[in-house]
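Please look at the sequence and the model first, then read on.

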Amino acid sequence: MKKVRKQFSNEQAKVLKRIAEHTMYKDFKPLLLGEIHTPISLQRIVAKVLEYYEISNVEFYSNRREKSLIDARRDYIHLAKKHTAHSNLVIGRCIGKDNATVCHHLNQHPRNADRIKIEQV
(Lines give C-alpha, C1' and ligand atoms only; values in the text may rest on other atoms or scores of the structure.)
Protein backbone atom coordinates (compact mmCIF):
# COMPACT_ATOMS: atom_id res chain seq x y z
CA MET A 1 0.00 0.00 0.00
CA LYS A 2 1.33 3.37 -0.98
CA LYS A 3 1.80 5.99 1.75
CA VAL A 4 0.25 9.36 1.06
CA ARG A 5 2.01 12.43 2.46
CA LYS A 6 -0.27 15.26 3.33
CA GLN A 7 0.98 18.59 2.06
CA PHE A 8 0.17 21.89 3.72
CA SER A 9 -1.18 24.74 1.70
CA ASN A 10 0.89 27.95 1.50
CA GLU A 11 -1.36 29.66 4.04
CA GLN A 12 -1.12 26.76 6.46
CA ALA A 13 2.67 26.67 6.06
CA LYS A 14 2.90 30.41 6.81
CA VAL A 15 0.78 30.02 9.95
CA LEU A 16 2.86 27.07 11.17
CA LYS A 17 6.07 28.97 10.50
CA ARG A 18 4.78 32.00 12.45
CA ILE A 19 3.82 29.74 15.36
CA ALA A 20 7.22 28.02 15.34
CA GLU A 21 9.06 31.35 15.32
CA HIS A 22 7.12 32.68 18.31
CA THR A 23 9.35 33.54 21.30
CA MET A 24 7.41 31.13 23.49
CA TYR A 25 8.87 28.24 21.46
CA LYS A 26 12.40 29.65 21.28
CA ASP A 27 13.87 27.12 23.73
CA PHE A 28 11.47 24.32 22.85
CA LYS A 29 12.98 20.84 22.78
CA PRO A 30 10.87 17.79 21.98
CA LEU A 31 10.58 15.08 24.62
CA LEU A 32 12.62 11.95 24.12
CA LEU A 33 10.68 8.71 24.06
CA GLY A 34 11.84 7.75 27.56
CA GLU A 35 10.66 11.06 29.01
CA ILE A 36 7.00 10.54 28.16
CA HIS A 37 5.17 9.55 31.34
CA THR A 38 1.81 7.90 31.69
CA PRO A 39 -0.25 8.34 34.82
CA ILE A 40 0.19 5.77 37.54
CA SER A 41 -2.97 3.80 38.23
CA LEU A 42 -4.24 2.92 41.68
CA GLN A 43 -4.25 -0.74 40.65
CA ARG A 44 -0.52 -0.58 39.88
CA ILE A 45 0.13 0.91 43.33
CA VAL A 46 -1.95 -1.84 44.95
CA ALA A 47 0.02 -4.48 43.02
CA LYS A 48 3.36 -3.02 44.16
CA VAL A 49 2.20 -2.88 47.80
CA LEU A 50 0.93 -6.47 47.65
CA GLU A 51 4.24 -7.57 46.14
CA TYR A 52 6.26 -5.76 48.81
CA TYR A 53 4.23 -7.07 51.76
CA GLU A 54 3.76 -10.53 50.18
CA ILE A 55 0.03 -10.60 50.89
CA SER A 56 -2.92 -11.61 48.71
CA ASN A 57 -5.67 -9.47 47.25
CA VAL A 58 -8.20 -11.13 49.55
CA GLU A 59 -6.20 -10.23 52.65
CA PHE A 60 -5.56 -6.66 51.49
CA TYR A 61 -9.24 -5.97 50.75
CA SER A 62 -10.54 -7.77 53.85
CA ASN A 63 -11.76 -6.05 57.02
CA ARG A 64 -9.12 -7.77 59.17
CA ARG A 65 -7.05 -5.45 61.34
CA GLU A 66 -3.73 -7.25 61.57
CA LYS A 67 -0.80 -4.87 61.85
CA SER A 68 0.78 -6.01 58.58
CA LEU A 69 -2.47 -5.44 56.69
CA ILE A 70 -2.99 -2.02 58.24
CA ASP A 71 0.59 -1.07 57.37
CA ALA A 72 0.07 -2.22 53.78
CA ARG A 73 -3.13 -0.20 53.45
CA ARG A 74 -1.45 2.84 55.01
CA ASP A 75 1.47 2.65 52.59
CA TYR A 76 -0.94 2.25 49.67
CA ILE A 77 -2.81 5.40 50.75
CA HIS A 78 0.40 7.43 51.13
CA LEU A 79 1.72 6.24 47.74
CA ALA A 80 -1.61 6.88 46.03
CA LYS A 81 -1.74 10.41 47.43
CA LYS A 82 1.87 11.06 46.38
CA HIS A 83 1.73 9.61 42.86
CA THR A 84 -1.82 10.38 41.72
CA ALA A 85 -4.19 13.32 41.66
CA HIS A 86 -7.12 11.27 42.95
CA SER A 87 -9.22 12.53 45.84
CA ASN A 88 -9.24 10.83 49.23
CA LEU A 89 -12.67 9.41 48.44
CA VAL A 90 -11.49 7.72 45.23
CA ILE A 91 -8.33 6.39 46.91
CA GLY A 92 -10.40 4.92 49.73
CA ARG A 93 -13.11 3.45 47.52
CA CYS A 94 -10.47 1.61 45.52
CA ILE A 95 -9.75 -0.52 48.60
CA GLY A 96 -13.25 -0.49 50.10
CA LYS A 97 -12.59 2.21 52.71
CA ASP A 98 -14.11 5.62 53.22
CA ASN A 99 -12.76 9.17 53.29
CA ALA A 100 -12.33 9.16 57.09
CA THR A 101 -10.08 6.10 56.93
CA VAL A 102 -7.91 7.72 54.26
CA CYS A 103 -7.63 10.95 56.30
CA HIS A 104 -6.72 8.94 59.41
CA HIS A 105 -3.95 7.06 57.56
CA LEU A 106 -2.61 10.27 56.03
CA ASN A 107 -2.22 11.70 59.54
CA GLN A 108 -0.06 8.69 60.47
CA HIS A 109 3.49 8.13 59.30
CA PRO A 110 3.89 5.60 56.50
CA ARG A 111 5.70 2.40 57.42
CA ASN A 112 7.57 1.36 54.27
CA ALA A 113 6.22 3.65 51.56
CA ASP A 114 9.70 4.99 50.81
CA ARG A 115 10.97 1.45 50.13
CA ILE A 116 8.23 0.57 47.65
CA LYS A 117 9.32 1.57 44.15
CA ILE A 118 6.58 2.90 41.89
CA GLU A 119 7.89 3.39 38.36
CA GLN A 120 6.18 5.34 35.64
CA VAL A 121 5.83 3.52 32.35
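A residue is called buried when its relative accessible area is under 20%, exposed when that area is over 50%, and partly exposed in between. Lysine 48, with a relative accessible area of 22%, is therefore partly exposed. The model described here is predicted.

**Overall layout**

The chain has six helices and zero strands. Along the sequence, the pattern reads α-α-α-α-α-α. The chain has 121 residues, of which 27% count as buried. Among contacts with a separation of 6 or more, 64% are between residues 24 or more positions apart.

**The nonpolar core**

The largest nonpolar core contains 21 residues. Ile45, Val49, Ile55, Phe60, Tyr76 and Leu79 have the most contacts inside this core. Helices α2 and α4 are the elements that give two or more residues to the core.

Phenylalanine 60 belongs to helix α3, which covers residues 57-61. Is phenylalanine 60 buried or exposed? Its relative accessibility is 0%, so phenylalanine 60 counts as buried. Leaving out residues up to four places away in sequence, phenylalanine 60 touches Val46, Val49, Leu50, Ile55, Leu69, Ala72, Arg73, Tyr76 and Ile95. One of these, valine 46, is 14 residues from phenylalanine 60 in sequence, and the two C-alpha atoms are 8.9 Å apart in space.

Leucine 79 is another of the core residues listed above. With residues up to four places away in sequence again not counted, leucine 79 touches Ile45, Val49, Ala113, Ile116 and Ile118.

**How α4 meets α6**

The axes of α4 and α6 come within 9 Å and cross at roughly 90°. Angles of 65 to 115 degrees count as roughly perpendicular, and α4 and α6 are therefore roughly perpendicular to each other. On the α4 side the residues involved are Ile70, Arg74, Ile77, His78 and Lys81, and they meet Val102, His105 and Leu106 in α6.

Lys81 also takes part in a contact with asparagine 88. Asparagine 88 is found in helix α5, residues 88-94, and has a relative accessible area of 16%, which means that it is buried. The side chains of asparagine 88 and lysine 81 are joined by a polar contact of 2.8 Å. Beyond residues up to four places away in sequence, asparagine 88 touches Lys81, Asn99, Val102, Cys103 and Leu106.

**Salt bridges**

How many salt bridges does the structure hold? There are four.

| Pair | Distance, N to O |
|---|---|
| Glutamate 119 and lysine 48 | 3.4 Å |
| Arginine 64 and glutamate 66 | 2.6 Å |
| Arginine 111 and aspartate 71 | 3.1 Å |

Glutamate 119 and lysine 48 form one of these salt bridges. Glutamate 119 lies in the segment after α6 (99-107) and lysine 48 in helix α2 (residues 42-53), so the pair ties together parts that are 71 residues apart in sequence. Glutamate 119 has a relative accessibility of 44% and counts as partly exposed.

Arginine 111 and aspartate 71 are a further pair, joined through their side chains. Because arginine 111 is in the segment after α6 and aspartate 71 is in helix α4 (residues 67-83), this pair ties together parts that are 40 residues apart in sequence. Arginine 111, at 39% relative accessibility, counts as partly exposed, whereas aspartate 71, at 10%, counts as buried. Lys67, Asp71 and Arg111 are linked in a network of salt bridges.

Where is arginine 64 placed? Arginine 64 is in the loop between α3 and α4. Its side chain meets that of glutamate 66 in a salt bridge. Arginine 64 is partly exposed at 37% relative accessibility, and glutamate 66 is partly exposed with a relative accessible area of 40%. Not counting residues up to four places away in sequence, arginine 64 touches Glu59, Leu69 and Arg73.

Conventions
Residues are numbered from 1 along each chain as its sequence is written. This is a predicted model: local features need pLDDT of at least 70, side-chain atom pairs count only at pLDDT 80 or more; totals for chains, interfaces and linings use all residues. Side-chain values use heavy atoms; hydrogens and water are left out. Helices (H or I, at least four residues) and strands (E, at least two) are DSSP runs, numbered from the N terminus. Buried means under 20% relative accessible area, exposed over 50%, partly exposed in between (1.4 Å probe, protein chains only). A polar contact is a pair of N or O atoms within 3.5 Å; within protein, one must be able to donate a hydrogen and the other to accept it, and residues adjacent in sequence count only if both atoms are side-chain atoms. Contact means heavy atoms within 4.5 Å. A nonpolar core is a set of buried Ala, Val, Leu, Ile, Met, Phe, Trp, Tyr and Cys residues joined through side-chain atoms within 4.5 Å. Axes are lines fitted to C-alpha atoms, for helices over the stretch in contact, and angles run from 0 to 180 degrees between N-to-C directions. Angles under 35 degrees count as roughly parallel, over 145 as roughly antiparallel, 65 to 115 as roughly perpendicular and the rest as oblique.
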